[in-house]
Amino acid sequence: MNANPFTLEMLDVWKRPEPPKQQVETGFFTDTTLCIGCKACEVACKQWNQLPGDGFHWTGNSYDNTSALSATTWRHVAFVEQMDGTGGHVPRWLMMSDVCKHCVQAPCQEACPTGSLIYNEFGNVYVQQDICNGCAYCVVACPFGVLDRNHQDGKAHKCTLCYDRQKDGMTPACAKSCPTASIQFGPVEELRERARKRVEELQARGETDAYLYGAEATEEYSALNSFFLLKDKPTVYNLPEAPKRPVDNLKTNYLVSFATAVGLTVLSALCFSRGKK
Amino acid sequence: MPGLGTTMGRGAATSFQEDLRNSDCILIMGSNMAEAHPVGFRFPMKARERGAQLIHVDPHFTRTSAMCQQYVPIRTGSDIAFLGGLIRYVLDNDRWFREYVLAYTNAATIINEEFQDAEDLEGMFSGFDTKTKAYDYKKAGWSYEGEEVAKSEPPPEIKTESFSQRLASLRNPTPPSDPELKHPRCVMNIVRRHYERYTPEMVAATCGCSVEEFLRVAETLCANSGRERTSAIVYAVGWTQHSVGVQIIRAAGILQLLLGNIGRPGGGIMAMRGHASIQGSTDVPTLYDLLPGYIPQPAVMRDHADLHGYLEQEKVTHGYWANLPKFMVSLLKAWYGPAATKDNDFGYSWIPRLDNNYSQLPTFLRMAEGKVRGLFLFGQNPAAGAPNAKLHRAAMRQLDWLVVRDWFEIESACYWYKGPEGVDPKTVPTEIFFMPAASSPEKDGTLTNTQRLLQWHDKAIDPTGDCRSDLGFLFDLGKRLKALYAGSDKARDQGLLNLTWDYGFDSPPMLPDGRPSRLPDEPDAEKVLREINGYTVADNRQVKGFSELKDDGSTACGCWIYSGVYPAPGYNRARERKRNPDNYTSPNWGFAWPHNRRMMYNRASADPEGRPWSERKKYIWWDEAAKRWTGVDEPDFEPDKAPSYRPPEGATGMASIAGNSPFIMKPDGKGWLYAPAGTKDGPLPTHYEPIESPVANLLYRQQENPTIERYDVPMNAKSAPLDPEYPIVATTFRLTEHYLSGPMSRFNSWLNELQPAMFIELSPELAAERGIEHGGWLVAWNKRGAIEARAMVTRRVRPLQVDGRTVHQIAIPFHWGFAGEVVGSSANDLTSIVADANVSMHEAKAFVVNVRPGRVEDFKDLPLRAAPWPTYRAAPDAPRSAQPEGQED
């Protein structure tokens with residue numbers, strides 16, 4: 001039977017292409033002890049992803065004038081200027097390049113009602129722009145404040161871990177531009193191994209405050225595929241001490257709602273039964 | 001860079017950045033390397049990760065300081081006091097590298113009896129002529145015993161910089177010496193005596209650091225130098241832009257020679273250059289007093305009437321510069337081709353001769369007087385980037401015509417209708433041509449980086465619209481000028497008419513994607529590079545290196561030090577990008593002059609007998625079996641000259657350099673602790689206060705460098721020392737986010753959002769004293785101008801205790817101006833024009849100001865209105881709590 005080409009074309013819409021083959025999981029290891037605060041990562045990210053500048057606002061907060069991750073700033077270099085020598089540490093100026101954590105169990109992905117947020121073949125958390133409906137559930141779900149909705153297109157945006165570059169076998173723009181290897185990109189298992197060695201090295205050198213943030217899962221939260229080496233409490237770098245998955249609240253929430261529903265049903269039943277009297 | 005040239009022989013960084021990873025200690029001083037050279041800073045970081053100590057000595061705490069284990073704040077302009085203190089520490093504690101110093105430096109050489117030191121003359125040296133404000137070499141007696149004065153010292157009004165003058169010629173390449181170092185007039189004893197008063201206490205009192213901080217640096221340096229370990233010094237324009245810049249660098253050279261850190265892996269002095277290819281622009285110079293390859297420009301004041309006289313005056317008898325005639329004749333052949341013959345002195349008479357100081361600052365001062373009629377600006381922005389930019393703008397308003405070639409309409413192209421002066425365009429008679437320039441991916445060519453490395457870049461795409469490369473512009477201009485003057489028989493036109501100008505493409509140029517370029521009339525940059533490399537005239541065969549050059553007109557070479565960059569047809573070494581995993585010097589990545597040597601003076605990495613000083617610091621050594629020098633780099637030495645070679649009586653040229661003398665550009669083959677010639681302000685670095693300073697010189701009665709040219713002209717007023725009106729010391733600095741005065745960065749939103757506004761860094765103590773709030777506005781002013789900026793109150797700037805009293809410093813980034821996407825006051829409206837005697841360098845890194853809260857428009861008594869500020873937001877964005885430690889409670 002010769003099918004009408006128009007019909008075939010219509011049927012194509014229902015055909016699904018083969019999903020891309022699963023690849024080795026990749027991620028970032030950001031070693032803050034090597035960050036010189038040059039912001040090359042911020043600029044390289046914006047240049048490659050063609051993100052607009054966010055306006056010119058001098059904040060007076062050390063050398064940080066972009067302030068936070070946003071829909072148009074996917075790498076952000078934080079400056080922790082503590083030169084007063086109080087708080088039990090020597091005068092110091094810490095720098096850290098912040099980015100999406102690409103959580104192994106990402107709350108944003110769990111919160112996304114449309115299936116726009118997915119894990120791509122590299123295990124990276126990725127927002128499919130053509131599917132995002134701009135509900136912003138992910139924005140509130142992310143415990144790190146990474147996701148943000150762009151006010152122009154109304155959709156959620158964040159680091160793609162340079163999905164497009166990775167597909168061509170290239171290193172993400174930020175890691176490529178980092179002059180001191182503070183941002184390292186690679187298969188995440190290799191990175192974790194390298195990071196553990198690095199911490200041991202620093203500890204042996206007497207820098208006993210060095211530790212990894214997010215390299216391993218905790219009871220409350222999954223491991224991060226983009227993890228950090230820090231020298232002080234996470235809050236010093238504006239990271240949550242113990243990030244939480246909103247999903248974890250669901251069981252209790254459901255129970256409470258269910259119990260409330262049952263209670264209210266009983267209550268109304270009681271009311272009605274009394275009314276019959 | 002005569003600081004390095006006078007000390008070691010060549011005015012360039014002695015080593016390469018990749019080698020910094022081998023350092024055991026790196027002293028960064030006069031450089032904000034992490035911010036200004038972030039890519040190169042990966043190597044100090046690697047060294048740190050391998051256990052090296054990083055030290056930053058700087059007026060304010062920067063991102064570089066944050067990466068170093070030691071940070072020492074000092075008062076800007078006190079560097080020689082600090083380095084002099086280090087020299088004294090090394091000598092007094094017997095921490096100098098004895099074998100190295102005795103064999104490779106002039107420590108044992110005896111100096112003429114007439115010489116008198118700063119010790120004897122309260123901060124001056126013998127031979128000062130108060131009328132000319134210059135040292136008279138004839139009376140000075142600075143030279144080695146038995147030597148006359150250098151024969152070709154130019155009159156003092158010409159500040160020439162050339163190797164041969166700096167090196168001087170020695171009649172006796174093995175001058176009298178005392179290897180026992182007992183003779184009171186041997187260099188070592190003169191140096192000891194000279195630095196005796198630079199005690200740790202004196203350093204602390206002058207620089208404003210603590211004695212402990214200074215001693216810790218000294219001990220760290222000493223502990224990491226010697227046979228087994230090496231330390232490097234990194235500097236940048238934080239050292240050069242002073243009235244004593246050359247001498248600061250000399251002091252670093254003395255220190256490194258004493259510690260045995262020159263020519264050895266992990267050692268050296270890295271001069272971090274401030275602009276892209278600025279090394280290239282001194283090698284193939286844009287300098288008025290040099291021809292390509294540091295050959296001195298002929299001058300009317302010397303016996304330079306013909307080639308013979310010129311060569312007789314300029315060539316030296318001993319060391320590598322004895323080859324000057326070969327380089328000069330080959331240069332003339334490259335320029336004038338067949339028109340250059342033996343009979344016409346190879347066209348020597350067509351080269352314009354110097355009759356004055358034509359460096360930038362004096363030229364602009366003449367321009368201000370209406371004596372300069374036209375100006376070309378190629379990637380230069382004096383209206384915001386030059387010291388005393390206000391004076392530069394005033395000077396440019398006197399021009400008849402001005403050509404600006406740049407990417408954007410920079411300050412120097414729009415100063416006639418905007419800017420802080422509120423100029424009425426009708427009053428500016430200048431015709432200004434703005435020619436859009438191509439960017440580096442839009443043109444072929446080389447960049448010569450800070451470590452003398454030539455790296456070729458290919459054109460990726462054609463430039464858009466009317467944008468053209470500078471090379472294409474000049475090529476076209478030359479063609480038009482030649483056509484204009486065609487047929488002239490005037491003598492003065494013959495140079496132009498005889499210039500070889502055949503750089504056009506032989507076949508239509510193609511782009512990398514295979515399409516033809518739409519600009520077929522642009523020149524072939526590789527042809528230029530081939531001419532620079534040199535070739536034989538008879539068969540047009542490219543030479544393999546400068547050793548093939550001849551003085552009989554049979555070879556042509558555009559710049560002898562670059563010879564070897566294009567040694568065979570189709571073999572452009574600058575284009576090579578081969579990594580070599582076994583050799584970190586990467587000999588096949590680009591081409592480093594001279595002769596692809598990555599580290600200069602590397603003969604010094606071996607002991608006098610040619611054996612490595614230690615296994616750990618092995619680099620170049622003598623292979624007795626092969627009778628050759630070998631190692632990981634090209635030897636900076638004759639490859640087959642044995643360590644045991646001693647020059648026979650009467651030897652000249654390289655034959656007069658012994659097999660144990662690594663500094664082959666020097667007539668005696670030694671590193672110069674004491675400079676008998678070559679620095680016009682003294683043979684030994686001596687601390688003088690900056691021209692503007694709120695502090696009296698604690699070391700000598702002489703307050704400032706006596707040979708300085710002050711240029712006391714209108715608009716260039718300077719504060720007298722200790723001026724109570726201007727008690728605050730100011731210095732300028734760079735941010736990673738912007739580049740120079742901003743022509744390449746302040747037109748880019750991605751950079752502007754990172755540092756959107758002009759600010760000034762000051763300490764909480766000063767802010768409290770003046771009532772300035774963090775995030776608010778402040779005005780800084782002095783006798784030359786006033787600027788306004790946001791106040792960055794931070795403990796990264798500390799008040800210093802200088803001679804028992806508090807001296808405040810402020811740090812001003814110099815990236816803003818009145819053109820571009822974000823604008824702000826220009827730091828250079830505060831800096832002054834002065835010129836040091838060696839290189840006509842100004843003093844933008846140390847001057848005085850006063851500060852108060854508010855905007856410039858609030859005050860009627862200020863000397864100049866500041867740049868109008870486009871208020872994106874009327875009030876500061878930052879809450880007072882944004883930076884709690886920046887507040888004074």
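Select strands S10, S11 and S12 of chain B: these 3 strands form an open sheet in the order S10-S11-S12, with parallel pairing. Strands here are DSSP runs of E with at least two residues, helices are runs of H or I with at least four, and both are numbered from the N terminus. Two strands count as paired if DSSP finds at least two bridges between them. Strand S10 (374–378) and strand S12 (431–436) of chain B stand at the edges with a single partner strand each, so one side of each has no neighbour in the sheet. Neighbouring strands of this sheet are turned by 10 degrees against each other on average, direction ignored.

The model is predicted; local features need pLDDT of at least 70, side-chain atom pairs count only at pLDDT 80 or more, and totals for chains, interfaces and linings use all residues. Residues are numbered from 1 along each chain as its sequence is written, while chains are lettered from A and ligands numbered from 1 in the order in which they are written.

Next, show S10(B) with strand S11 (residues 401–406) of chain B. The two run parallel and are joined by 5 bridges. B:Gly374 stands opposite B:Trp401 in S11(B).

Now select helix H5 (residues 79–92) and helix H13 (residues 245–258) of chain B. They pack at an angle of about 15 degrees, with their axes 9 Å apart; axes are lines fitted to C-alpha atoms, for helices over the stretch in contact, and angles run from 0 to 180 degrees between N-to-C directions. H5(B) and H13(B) are therefore roughly parallel to each other (angles under 35 degrees). To inspect the contact, display B:Leu83, B:Ile87 and B:Val90, which are among the H5(B) residues that meet H13(B), whose own contributors include B:Ile248, B:Ala251 and B:Leu255. Contact requires C-beta atoms, placed from the backbone, within 7 Å. By class, this contact of H5(B) with H13(B) has 11 nonpolar, 2 polar and 1 charged residues (Ala, Val, Leu, Ile, Met, Phe, Trp, Tyr, Cys and Pro are nonpolar, Asp, Glu, Lys and Arg charged, and the others, Gly among them, polar).

Zoom out to the whole of chain B, which has 25 helices and 27 strands. Along its principal axes, the C-alpha trace of chain B spans about 75 × 70 × 60 Å.

Finally, colour the two chains separately. Here 30 residues of chain A are in contact with 37 residues of chain B. On the side of chain A that touches chain B, helix H2 (40–49) and strand S2 (76–82) of chain A are the elements that give two or more residues. H2(A) gives the most, with 5 residues.

Methods. Parallel < 35°, antiparallel > 145°, perpendicular 65-115°, else oblique. Contact = placed C-beta atoms within 7 Å.
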